[in-house]
2 protein chains.
Amino acid sequence: MKLGRLNHVGIAVPDMDAAIAHWRESAGATLTTPPFEMPEQGVLVCFMDTAEGAAQMELLSPLDKTSPITSFLARNPLGGQHHMCFEVPDIEAARTNFEAQGKRILGPTRIGAHGTPIFFVHPKDMGGILTEIMETPGDV
Amino acid sequence: MKLGRLNHVGIAVPDMDAAIAHWRESAGATLTTPPFEMPEQGVLVCFMDTAEGAAQMELLSPLDKTSPITSFLARNPLGGQHHMCFEVPDIEAARTNFEAQGKRILGPTRIGAHGTPIFFVHPKDMGGILTEIMETPGDV
């Protein structure tokens, strides 16, 4: 399986506004996608970067207590690195390949925060890293 | 403070050879810098990437029980995301700036795995993320 570039690092944050301010002040990061809700994933999400074309930071805060970010923050109250996301040209081919490797895929393929199909692979099958696979957005 | 691009994500691994094989097989990653020891940091380190010019994976395994990676692996036996590293054009200007922000810097500025000066900022001052700042290598 050949994955493409690291698209972003998912970062859990306890307070979205404070996190955006932190990344602006400490890293000079630019807010490339303002916060929006993804209710089906239980998260408020935004994207920031420090350089155009570089891997982004995807900030994630929980919408409610059932969010996967809620349990992460219970273990890591300050927040921290939550997942890594790699691009692929064809999401279904990637899913078939990970399944053939016997890796556990978490739920159905669905539309992710960049508007293209994504799925997650279990950290226990990926060296402890929750791994998101996303189809590369077209025309970019 | 304006940081540059995300250079790499540091990833703690319990077994370097197994981790390189995992990243080759699961992600089609290329070993761009074969493993070498950094005794002063207590780590065996290599770099891999999935796309030229993209952020890299820096795999880190402990050289001994005093390594910072040893304690990380005690908490995370499978390994996982350990730090994020951003480039800056001038390491001393960056250090002065982080100090002026009141952020705790961990130890002296030293030569990092890419051969340029680096320092680490405390995760408690960086939203739970151990943050490495590295001077961009010249002529690349």
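Visitor: Which residues does B:Thr33 touch, not counting residues up to four places away in sequence?
Guide: Keep in mind that this is a predicted model. In it, B:Thr33 touches B:Cys46 and B:Phe47.

Visitor: And where does B:Thr33 sit?
Guide: In strand β2 of chain B, which covers residues 30–38.

Visitor: Is B:Thr33 buried or partly exposed?
Guide: Its relative accessibility is 24%, so B:Thr33 counts as partly exposed. The cut-off for buried is under 20%.

Visitor: Let's zoom out. What's the secondary structure of chain A?
Guide: Chain A has three helices and eight strands. Starting at the N terminus, the order is β-α-β-β-β-α-β-α-β-β-β.

Visitor: How much of chain A is buried?
Guide: Buried residues account for 54% of the 140. The accessible surface of chain A is about 6100 Å², and carbon and sulfur atoms contribute 54% of that.

Visitor: What about contacts between residues at least 24 apart in chain A?
Guide: Counting contacts between residues at least 6 apart in sequence, 52% join residues at least 24 apart.

Visitor: Now β7 of chain A. How many of its residues are buried?
Guide: Five of the five, residues 117–121, so β7(A) is largely enclosed by the rest of the structure.

Visitor: Which residues are on which side of β7(A)?
Guide: A:Pro117, A:Phe119 and A:Val121 are on one side, with A:Ile118 and A:Phe120 on the other. Both faces are covered.

Visitor: How does β7(A) pair with β6 of chain A?
Guide: Antiparallel, over four bridges, with β6(A) spanning residues 105–111. For example, A:Ile105 has A:Val121 as its bridge partner. The two strands form a hairpin with five residues between them, and A:Gly115 in the turn has a positive phi of about 85°.

Visitor: And what joins β7(A) to β8 of chain A?
Guide: Four bridges again, and those strands also run antiparallel. In β8(A), A:Glu132 stands opposite A:Phe120.

Visitor: Switching to the pair of chains: what rotation superposes chain B on chain A?
Guide: A rotation of 180° with 0.0 Å of shift along its axis, giving an RMSD of 0.0 Å. The two copies are thus related as by a two-fold rotation axis. The same surface serves both copies, as 100% of the contact residues of chain B recur in chain A.

Visitor: So which side chain of chain B makes a polar contact with the side chain of A:Gln81?
Guide: That of B:Gln81, at 2.9 Å. A polar atom of the A:Gln81 side chain also lies 3.5 Å from the backbone oxygen of B:His83.

Visitor: Is A:Gln81 buried or exposed?
Guide: Buried, with a relative accessible area of 13%. A:Gln81 lies in strand β5 of chain A, and its contacts include B:Val9, B:His82, B:Met84 and B:Ile129.

Visitor: What about A:His82, buried or exposed?
Guide: Buried as well, at 15% relative accessibility. The side chain of A:His82 has a 3.0 Å polar contact with that of A:His83. A:His82 also touches B:Gln81, along with residues of chain A, among them A:Gly10, A:Leu60 and A:Phe72.

Visitor: Last one: where does B:Leu78 lie?
Guide: In the loop between α2 and β5 of chain B. B:Leu78 is partly exposed, with a relative accessible area of 45%. Beyond its sequence neighbours within four places, B:Leu78 is in contact with B:Pro14 and with A:Pro123, A:Lys124, A:Gly127 and A:Gly128.

Note on methods: Residues numbered from 1 in each chain as written. Chains lettered and ligands numbered in written order. Predicted model: local features only at pLDDT ≥ 70, side-chain atom pairs only at ≥ 80, totals over all residues. Heavy atoms only, no water. Least-squares fit on C-alpha atoms with pLDDT ≥ 70 in both. Contact = heavy atoms within 4.5 Å. Buried < 20%, exposed > 50% of the residue type's maximum accessible area, 1.4 Å probe, protein only. Pairing = 2+ DSSP bridges. Areas by Shrake-Rupley, 256 points an atom, 1.4 Å probe, with all protein chains shown as cover. Polar contact = N/O pair within 3.5 Å; in protein donor to acceptor, adjacent residues only side chain to side chain.
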